[in-house]
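Welcome! Let us walk through this model together, one question at a time.

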Amino acid sequence: MDKGIIVNQIVILFLIMSVGYIARKLNWLDAELIKGLNRLLLNVAAPFMVIASCQFDFSPQMFSEAVTVLIFAVTVHLLAIIVGKLLFRRIPNDIGKILKFGTIFTNCGFMGYPVAAGLFGERGVFLTSVYVVVFNLFLWTYGVSIFSGKSDRNSWKQVCLNPGVLAVLIGMSLFFFSLKLPMALSQTLQMVGAMTTPLAMMIIGAMLADLKPADLFRGFPIYYGTIVRLLFIPLLILVILKFWNLDRTVLGICIMAVAMPVASVTAPLAEQHQSDSLFASRFVFLSTLLSMVTIPIVIMLI
């Protein structure tokens, strides 16, 4: 395993976060501009990335492996939902829902793709894409409902019609019917979608600029949530998968996706729904920092 790949991706995340932090400190980013960037991220860049990630070819063998990863991804997200509800039921609601969200959703896209490519090649990138599709399906349905706090028919209708969910439906249709978009459109989706992680990390950095450095590491809940996200969930899944006779590459992809830190989109979603976006930003920051140690440990246990 090339630890340099993991460390490099984490360093990139922090450097991009620093850009947002400095821009906010210099007042190049004010509160209104941050909200505008947040809307651009959630309504344009992220949906474009979802559709672009579904543009790949597959063989019958890879299709069979993709189905395995698909089933695994659905199972993991459902299990994480249960774990989050059990472990954080006594945490105050505003912080508790961020911890629940972070338990379910990892940074499996930006960090997952390069790590998968470095460890498993193109086959790894393909299988990670399948996991990311399921991630996005849960993210734009159940994930959004965590912050909205609503579960009635009308709220679910609004959730299912948002750009993120529509992008998942379009992307899955393209995947299952092997449809290829024109090159100009495909490259447009890729280029705009590539802004997702930089935008998210700059927004997080800008939010962290309003905190004192000492406040970044303050409070028990953030450590509790980080340990659950980085160690408890991956190790629980690893124990379960040991009884499932999986191909080594498929097993590696599954564990790698689960071992990633909290999804960078956590803070922008918290901001959009008037939740504690500062706590969400700290959660992403701390889990990303500590993942430099925990990801190699988890992967070496495979």
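**Rings and cavities**

The structure holds 9 aromatic pairs. This is a predicted model, in which local features need pLDDT of at least 70, side-chain atom pairs count only at pLDDT 80 or more, and totals for chains, interfaces and linings use all residues. Residues are numbered from 1 along each chain as its sequence is written, and side-chain values use heavy atoms, with hydrogens and water left out.

Q: Why is the pair of phenylalanine 101 and phenylalanine 105 called tilted?
A: Rings of Phe, Tyr and Trp (its six-membered ring) pair if their centres lie within 6.5 Å; planes under 30 degrees apart count as stacked, over 60 as edge-to-face and the rest as tilted. The centres of phenylalanine 101 and phenylalanine 105 are 4.6 Å apart, and their planes lie at 45°, so the pair is tilted.

Q: Are phenylalanine 101 and phenylalanine 105 buried or exposed?
A: The terms rest on relative accessible area: under 20% is buried, over 50% exposed, and in between partly exposed (1.4 Å probe, protein chains only). Phenylalanine 101 and phenylalanine 105 are both buried.

Q: Which helices hold phenylalanine 101 and phenylalanine 147?
A: These two residues also form a tilted aromatic pair, 5.0 Å centre to centre with 50° between the planes. The pair links distant parts of the chain, 46 residues apart. Helices (H or I, at least four residues) are DSSP runs, numbered from the N terminus. Phenylalanine 101 sits in helix α4 (residues 93-104), and phenylalanine 147 in helix α5 (residues 112-148).

Q: Which residues do ring pairs link into a cluster?
A: Phenylalanine 101 and phenylalanine 147 are both buried. The cluster linked by ring pairs consists of Phe101, Phe105, Phe135 and Phe147.

Q: Which residues are closest to the centre of the largest cavity?
A: A cavity is a set of points, on a 1 Å grid over the protein atoms alone, where a 1.4 Å probe fits but cannot get out; lining residues have an atom within 4 Å of a point. The structure holds 3 cavities of 30 Å³ or more, and about 180 Å³ of space lies in the largest cavity. Among its 20 lining residues, the closest to the centre are Met49, Phe135, Thr196, Ser264 and Val265.

Q: Which helix gives the most to the lining of the largest cavity?
A: At least two lining residues come from each of α2 (31-52), α5 and α9 (196-208). The most, 5 residues, come from α5.

Q: Is methionine 300 buried or exposed?
A: Methionine 300 lies in helix α13 (residues 277-300). Because its relative accessibility is 52%, methionine 300 counts as exposed.

How values were computed: On a 1 Å grid over the protein atoms alone, a cavity is a set of points where a 1.4 Å probe fits but cannot get out, and a pocket is an open set with protein on both sides within 12 Å along at least five of seven lines; lining residues have an atom within 4 Å of a point. Grid points are joined across faces, edges and corners, and a volume is the space filled by probe spheres set on the points.
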